[in-house]
Amino acid sequence: MRLTLLPVLAAALVGGLLAGSLTTPAGAQELELIKPGTLLIATEGTYPPFSMRAPDGELDGLEIRVGKEIARRLNLKYEPVIIKWEALLVGLAADQYDFASDAMDITAERQKQVMFADGWLESGGRVVVKKDSAIKTPADIKGKTVGVLVSSTWLKLAEERGAVAKSYKAESDAIQDLVNGQIDAVITDSIAAAYAIEASKLPLVLVPDYLSHIQKGFPFKKGKPNLVKAVNKALADMIADGTYAKLTTPLIGYSPAPKDPIKTQF
């Protein structure tokens, strides 16, 4: 009896070991990690609401929360690497971290330099108005006074729709004038506006439609297809099961997951 069970028991043990190797840090080499068992993710730590310091001093923000969840789903330790924006791609090329979570726009030019994971966040120009405003669509700003950052792309978007643009050196000043009723609307970045509204409990809302679109992605050094595929799966799974929305909505009031993510160019 024992002899006949041995092959079965051996097969079960081998199967268990193989299954375990796919979910434990021991299989980290397959993911092209720099530090086995650890996911090194670069961030600035000073760019709310993407990365910032919580009152207790711990890192927090949209990219931090998503990055930590990716590491958890890959059964890896999350380890942030604080780096300045201008040195981000240099550090990536020098293998100082596995990828960067900084809010980097996915562009054709950047795709020549790095490999992006699937787009993880969508943003773009949005119209911001007071809650009781008659402006319900972007087209409604025609003939209205709209605040924009001086020399920004928002100025062109306002003028294209027939608005009377009022330029500001700081978008926070435009937002304050909107709250005070001195202008009819503001055009600014969707994520920045949503965070300001949530953080300061402003009596403002975002008009539903975007005026422009941009997706942000996590850049990787080229030559790490397994790691990128694993991150893509973790991202897709957390969006599908609602975890992504639970992590991001408290910060900006909605889930910024792209409806049609820009896919990795392998």
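Author: Two residues are in contact when heavy atoms lie within 4.5 Å. The model is predicted, so local features need pLDDT of at least 70 and side-chain atom pairs count only at pLDDT 80 or more, while totals for chains, interfaces and linings use all residues. Residues are numbered from 1 along each chain as its sequence is written, and side-chain values use heavy atoms, with hydrogens and water left out.

Reader: What share of the residues of the chain counts as buried?

Author: Buried means under 20% relative accessible area with a 1.4 Å probe, protein chains only. The chain has 266 residues. The buried share of them is 44%.

Reader: With which residues is V231 in contact, leaving aside neighbours within four places in sequence?

Author: V231 is among the residues with the most contacts inside the largest nonpolar core. Neighbours within four places left aside, V231 is in contact with I70, L74, F99, A117, F218 and F220.

Reader: Which strands do the buried residues of α6 pack against?

Author: Helix α6 covers residues 171-179, and A174, I175, D177, L178 and V179 in this helix are buried. G181, with a positive phi near 80°, follows α6. The buried residues of α6 pack against β9 (125-130), β11 (164-168), β12 (185-189) and β13 (204-210).

Reader: How are α7 and α9 oriented to each other?

Author: The axes of α7 (residues 190-200) and α9 (residues 243-252), lines fitted to C-alpha atoms over the stretch in contact, come within 7 Å and cross at roughly 70°. Angles of 65 to 115 degrees count as roughly perpendicular. Therefore α7 and α9 are, to each other, roughly perpendicular.

Reader: Which residues of α9 does α7 meet?

Author: On the α7 side the residues are I191, A194, Y195 and E198. Their partners in α9 are P250, L251 and I252.

Terms used: Axes fitted to C-alpha atoms, helices over the stretch in contact; angles between N-to-C directions. Helix = DSSP H or I, 4+ residues; strand = E, 2+ residues; numbered from the N terminus. Parallel < 35°, antiparallel > 145°, perpendicular 65-115°, else oblique. Buried < 20%, exposed > 50% of the residue type's maximum accessible area, 1.4 Å probe, protein only. Core = buried A, V, L, I, M, F, W, Y, C linked by side-chain atoms within 4.5 Å.
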